[in-house]
Amino acid sequence: MNTFRFPHPLVLLVGFIILAAALSYVLPAGQFARQKNEATGREVVVPGSYQRVPATPVGPLDMLVDIPKGMADAAGVIFLIFLAGGAFTVLDQTGALRHGVDWLLARAYGREVLVIPVVSLLFATMGALENMGEEIVPLIPVLLVLMRRLGYPVMTAVAASIGAAIVGAAFSPINPFQVGIAQKLAQLPLLSGGGYRLALLLPAVALWIAGTMRHAIRHRVAPDVTAEEVAADARGAGRHGLVLLLLLLCFSIFGYGVVSLGWDFDQMGALFFVLGVGAGLLGGLGLSGTAEGFVTGFRDIAFSALLIGFARAIFVVLEQGHIVDTIVQGMSAPLAHLPVTLSALGMMVVQTALHLPVPSVSGQATLTMPLFAPLADIIGLSRQVVVLCFQYAAGLCELITPTNGSLLAILAICGIRFDQWLRFVAPLYGLLLALGVAGVVSAIALGV
């Protein structure tokens with residue numbers, strides 16, 4: 001008997017692009033007036049300003065042109081992934097990466113499972129601090145080597161990295177790209193309600209780590225190697241130590257640049273290029289060997305990088321068809337007629353549904369918060385609760401939406417089909433969403 005198999009990621013994204021173009025013929029074109037918000041410096045919608053505009057259906061030729069337009073919009077992150085993929089291929093060819101992992105295994109022998117919560121906490125923290133997403137893609141090769149040497153399934157590398165980061169970001173009290181922008185647009189003090197959010201962040205991250213560890217332990221295939229063999233393998237040549245020292249230095253600069261200097265993808269890409277060149281020369285590959293390593297990395301990472309451009313093209317098509325605002329207006333208008341608690345839960349449903357066509361959490365905040373905040377005043381709902389609805393719904397949707405280009409890119413690197421990821425993540429997503437719903441209902445009852 002034939003069983004259903006989820007479409008290839010490229011087929012899936014092209015299907016959504018075609019659907020977006022088809023909707024531009026069905027849905028009425030419309031848009032909100034926009035004005036610059038002084039607090040965030042972003043263009044936001046003006047509540048009550050929605051009006052119809054002349055239809056601009058996206059024809060087949062325009063739809064095809066929007067694919068390279070989407071790639072151009074995502075050029076920064078695409079080139080970052082190419083450069084990082086090349087750098088880590090060079091690093092791997094020096095042998096230093098394997099020796100570094102073996103050194104870690106020699107010290108974690110018998111306690112390998114502790115690596116998972118440590119890695120997960122690191123990425124959850126980065127998600128909570130700065131909404132880490134695309135920046136994770138270049139780091140996946142290192143995690144793959146680590147998890148394979150530990151004997152854990154490759155799914156563990158995805159869950160402990162981007163999965164943990166998404167959960168940390170969704171429940172964060174300080175994430176500037178989610179709660180920060182949303183609170184500014186809702187005219188709330190920054191970091192207000194932080195204690196309440198932190199009380200939910202801790203069990204959310206603990207729940208995610210527990211689920212990740214349970215899956216990893218159940219599917220682990222213990223490596224056929226003794227502690228003595230691991231220790232012997234870990235004693236690499238001096239040049240391996242120099243390469244690993246360079247890797248540690250670059251990771252430190254990477255973290256400082258992203259968190260403290262506000263680095264964009266261009267600066268990150270430049271850093272990874274330096275890492276690749278330095279690793280190749282220190283590792284004894286020479287100029288030609290380093291160049292060949294970069295070329296191999298470019299080839300291997302190409303598909304994953306370009307998936308992000310295809311995902312971005314979906315929103316380009318919707319914008320060209322002037323139907324994004326129509327979708328928002330159609331979903332948000334009925335909420336005004338519901339009781340307070342049902343209206344809040346309805347906001348979560350709307351925010352979840354909107355995250356499919358609007359895969360940027362910061363973009364979704366600028367689109368929806370100016371509409372939902374005044375609506376909350378009318379129906380007697382706290383604006384803080386409106387921000388919670390946005391965070392928990394849109395933030396957690398990052399775990400399951402097929403328009404999340406970073407997630408699809410990481411799954412492609414790891415050789416995991418999207419349906420395999422969904423089977424792993426669905427129970428955890430359900431539990432985390434239930435936690436978010438409980439948090440929203442409790443916030444209403446407590447007057448947060």
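Modeller: Contact means heavy atoms within 4.5 Å. Not counting residues up to four places away in sequence, H240 touches T94, G95, A96 and H99. This is a predicted model, in which local features need pLDDT of at least 70 and side-chain atom pairs count only at pLDDT 80 or more, while totals for chains, interfaces and linings use all residues. Residues are numbered from 1 along each chain as its sequence is written, and side-chain values use heavy atoms, with hydrogens and water left out.

Colleague: In which helix is H240 found, and is H240 buried or exposed?

Modeller: Helices (H or I, at least four residues) and strands (E, at least two) are DSSP runs, numbered from the N terminus. H240 is found in helix 11, residues 238-259. Buried means under 20% relative accessible area, exposed over 50%, and partly exposed in between (1.4 Å probe, protein chains only). H240 has 14% relative accessibility and therefore counts as buried.

Colleague: What is the relative accessible area of H355, and which residues does H355 contact?

Modeller: H355 is in the loop between helix 15 (340-354) and helix 16. Its relative accessibility is 0%, so H355 is buried. Neighbours within four places in sequence aside, the contacts of H355 are S360, V361, Q364, A394, C397, E398, T401 and T403. H355 and N404 are 49 residues apart along the chain, and their C-alpha atoms are separated by 9.2 Å.

Colleague: How many residues does helix 16 have, and how far does it reach?

Modeller: The expected span of a helix is 1.5 Å times one less than its number of residues. Helix 16 (residues 361-379) has 19 residues and reaches 25 Å from first C-alpha to last, close to the expected 27 Å.

Colleague: Where does the kink in helix 16 lie?

Modeller: The bend at a residue is the angle between axes fitted to the seven residues ending there and the seven starting there. In helix 16 a kink of about 40 degrees lies at T368, shortly before the proline P370. Just after this helix, G380 takes a positive phi of about 80 degrees.

Colleague: Why is helix 16 described as largely enclosed?

Modeller: Because 15 of its 19 residues are buried, helix 16 is largely enclosed by the rest of the structure.

Colleague: Which residues of helix 2 are buried?

Modeller: They are M63, D66, I67 and G70. Their cover includes helix 1 (9-26) and helix 13 (286-320). As to length, the 14 residues of helix 2 (residues 60-73) should span 20 Å at 1.5 Å a residue, and the end C-alpha atoms are 20 Å apart, which agrees.

Colleague: Now a pair of helices. At what angle do helix 5 and helix 7 pack?

Modeller: Two packed helices are described by the angle between their axes and the distance between the axes. Axes are lines fitted to C-alpha atoms, for helices over the stretch in contact, and angles run from 0 to 180 degrees between N-to-C directions. Helix 5 (residues 115-130) and helix 7 (residues 155-170) pack at about 35 degrees, with their axes 6 Å apart.

Colleague: Which residues make that contact?

Modeller: Helix 5 supplies I116, V119, S120, F123, A124, G127 and A128, and helix 7 supplies T156, A160, S161, A164, A165, G168 and A169. Ala, Val, Leu, Ile, Met, Phe, Trp, Tyr, Cys and Pro count as nonpolar, Asp, Glu, Lys and Arg as charged, and the others, Gly among them, as polar. On that scheme the contact residues divide into nine nonpolar, five polar and no charged.

Colleague: Is G163 buried or exposed?

Modeller: G163, in helix 7, is buried, with a relative accessible area of 0%. Apart from neighbours within four places in sequence, G163 is in contact with V158, W208 and L399. G163 and E319 are 29 Å apart in space, C-alpha to C-alpha, and 156 residues apart in sequence.

Colleague: Last, backbone angles. What is the phi of Q187?

Modeller: Phi of Q187 is near 60 degrees, a positive value in a residue other than glycine. Q187 sits in the loop between helix 8 (176-185) and helix 9 (194-218) and is exposed, with a relative accessible area of 66%. H322, not a glycine either, has a positive phi of about 55 degrees. H322 is in the loop between helix 13 and helix 14 (324-332), and at 29% relative accessibility counts as partly exposed.
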